[in-house]
Amino acid sequence: MLAGCTPWPKELAETYSKQGYWQDITLWDVLHQAAEKWPSKTALVDGERRFTYQDLKEKSEQLAVHLSALGLKQQERVILQIPNMAEFLIVFYALIRIGVIPVMALRAHRYNEIRHFAAHAEAVAYFGPSRLKDFDYAAMAEEIRADCSSLRDILVVGQAAPGQISIDDLLASEAPSTHGDLPVLNPSEVALMLLSGGTTALPKMIPRTHNDYVLNNREASRLAGFDESTVFLAILPMGHNFTLGCPGVLGCFYRGGLVVLSPAMDADTVFGVIAREKVTVIPLTPPLIVQWLNAGVGERYDISSLQVVQHGGARVLPELRKRLRAQWRCASQEIYGTAEGMLCFVRLDDPEDIVLESSGAPMLDIDEIKVVDEEGHLLQDGEAGEMLARGPYTIRGYYNAPETNAQAFTTDGFYRMGDVVRKRGRYVYTEGRKKELINRGGEKISSEEVENLIIRHPDVAAVCLIALPDAVYGERACACVILHPDRNLTLAQLNAFLMEQRIAKFKLPERLEIVLEFPMSPAGKVLRRKLKEAIETLP
């Protein structure tokens with residue numbers, strides 16, 4: 001396995017293979033087999049563009065040859081920041097085909113995050129748009145190339161600047177026939193790197209192998225009821241694990257379904273696409289569900305094709321699940337899990353109380369879960385504690401992060417989920433985060449990362465970022481700040497300063513409270529819960 005990654009113990013790996021969980025096929029093999037089985041079936045719709053399975057395979061392989069000719073090699077890492085468009089999938093599969101590992105960045109990430117990913121992964125190339133709306137991604141990538149010695153190539157969708165490479169031009173040109181055969185891939189090797197929610201500092205890198213991620217896609221799509229008639233609408237970023245493979249786009253391709261990319265996230269656009277393409281399933285986060293139910297947008301369109309709304313990223317309350325089913329006349333399916341692996345599904349045929357209340361049961365019988373107290377002692381069913389998980393698609397360690405791994409994983413390989421849950425049999429009921437992580441509608445904000453940037457402000461003496469409840473997003477960030485004497489600071493000024501630090505906009509505080517002191521423990525730690533309780537009482 002790639003240096004810096006933690007393999008499964010040999011005996012467990014053998015068990016997972018013998019019992020058929022790992023089938024020794026790659027993500028590329030899945031696409032190749034789909035193209036052989038359904039060559040002329042439409043696989044992907046992106047606006048007016050439609051691609052069959054054969055189209056997707058051929059274009060990806062054509063680009064793979066170009067990328068190989070550029071010098072990209074197996075197990076090298078690259079940054080993939082292309083938004084939801086056909087090129088994302090073509091580039092993704094092209095990289096997979098030659099064994100190059102994409103680090104799955106999000107459109108919202110900026111210099112601070114992308115430079116960290118590039119440096120930590122020793123990325124050799126960046127793939128992104130040239131420009132979207134008012135942001136110049138190509139210029140950002142150029143800055144990072146100047147700062148990061150490993151970064152050789154910048155490839156963009158759109159017009160390439162001098163010294164950069166146009167992906168459009170590569171796709172429009174014939175692949176060089178003089179280049180040798182493409183490499184043979186090892187299914188046990190790392191295929192891609194997802195990003196963690198990041199409870200401390202910047203997100204960590206999650207190495208997913210072909211074997212474990214194919215299993216992830218296969219079994220998640222089974223529990224979601226995907227088949228050849230599935231029409232999957234991708235609204236949330238495909239760089240997210242939820243949209244990419246839980247079951248997501250890759251699970252849909254595994255079953256021979258159709259993936260439709262939404263051109264925008266506003267309700268009228270989305271519901272217009274549902275009506276036009278006869279969408280059967282969409283994955284959503286709670287904020288979108290709340291907004292669209294309140295807007296009554298489903299009543300203005302024919303959404304009779306819609307069978308299932310999957311929800312993840314944060315728990316959807318029972319009353320909201322009831323409203324969803326009643327207004328949109330479809331099933332509600334809670335999916336709880338993590339990019340590190342473990343997935344829990346509410347089954348589509350589960351009893352009513354589980355469908356409304358639970359966050360689901362583990363995807364596989366072989367998945368191991370337990371709930372423990374602060375000292376690591378096993379708790380009984382119904383008692384609240386931290387959930388630990390282990391299994392054939394749950395990683396054993398982050399990439400190149402030995403100190404973090406020592407904290408995030410037990411000595412016997414269980415991943416500490418960081419969530420407080422109650423377990424009843426195999427079903428879990430989530431109650432919130434154990435770690436200091438703000439969950440803004442499924443987007444995870446590390447308090448420490450943002451605090452480290454706020455403290456740079458010349459007027460700020462101390463800062464504590466806390467989560468406050470929000471009716472739409474579940475949680476929003478509030479910056480509690482102690483100022484230097486005779487200084488003033490507004491929320492607009494603070495956020496303007498943070499934007500100069502080039503962080504993603506979703507991480508910006510949405511409330512600022514100037515305080516004189518923080519409640520402290522005898523050990524000198526800020527008592528965040530007491531601070532939060534005090535702030536919540538303010539008008």
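A: First, the ground rules. This is a predicted model, where local features need pLDDT of at least 70 and side-chain atom pairs count only at pLDDT 80 or more, while totals for chains, interfaces and linings use all residues. Residues are numbered from 1 along each chain as its sequence is written, and side-chain values use heavy atoms, with hydrogens and water left out.

Helix 3 covers residues 53–69. Helices (H or I, at least four residues) and strands (E, at least two) are DSSP runs, numbered from the N terminus. The expected span of a helix is 1.5 Å times one less than its number of residues, so the 17 residues here should span 24 Å, and the end C-alpha atoms, 25 Å apart, agree with that. Just after the helix, G71 takes a positive phi of about 110 degrees.

Buried here means under 20% relative accessible area, exposed means over 50%, and partly exposed is in between (1.4 Å probe, protein chains only).

The K57 side chain meets that of E61 in a salt bridge (3.4 Å, N to O); the term means a side-chain nitrogen of Lys or Arg within 4 Å of a carboxyl oxygen of Asp or Glu. Both residues lie in helix 3, four residues apart, about one turn of the helix. An α-helix has 3.6 residues a turn, so residues three or four places apart point the same way. E61 counts as partly exposed because its relative accessibility is 25%.

The structure holds 30 salt bridges. E122 is partly exposed at 48% relative accessible area, whereas R77 is buried at 11%.

E368 and R390 also form a salt bridge, with their closest N and O atoms 2.8 Å apart. This pair too links distant parts of the chain, with E368 in strand 17 (residues 368–372) and R390 in strand 18 (residues 385–390), 22 residues apart. E368 is partly exposed at 28%, and R390 is buried at 16%. Elsewhere, salt bridges that share partners join D46, R49 and E87 into one network.

Now the cysteines. There are zero disulfides, a disulfide being a pair of cysteine sulfur atoms within 2.5 Å. The sulfur of C464 is 6.0 Å from the closest cysteine sulfur, in C480, so it is too far for a bond. For C252, the closest cysteine sulfur is in C246, 14 Å away and also too far. C252 is buried at 0%, and C464 is buried at 1%.

Last, the second largest pocket, with a volume of about 220 Å³. Among its 14 lining residues, the closest to its centre are M1, W8, A13, W22 and S188. Helix 1 (residues 10–18) gives the largest share of the lining, four residues.

A pocket is an open set of points on a 1 Å grid over the protein atoms alone, where a 1.4 Å probe fits, with protein on both sides within 12 Å along at least five of seven lines; lining residues have an atom within 4 Å of a point. The volume is the space filled by probe spheres set on the points, which are joined across faces, edges and corners.
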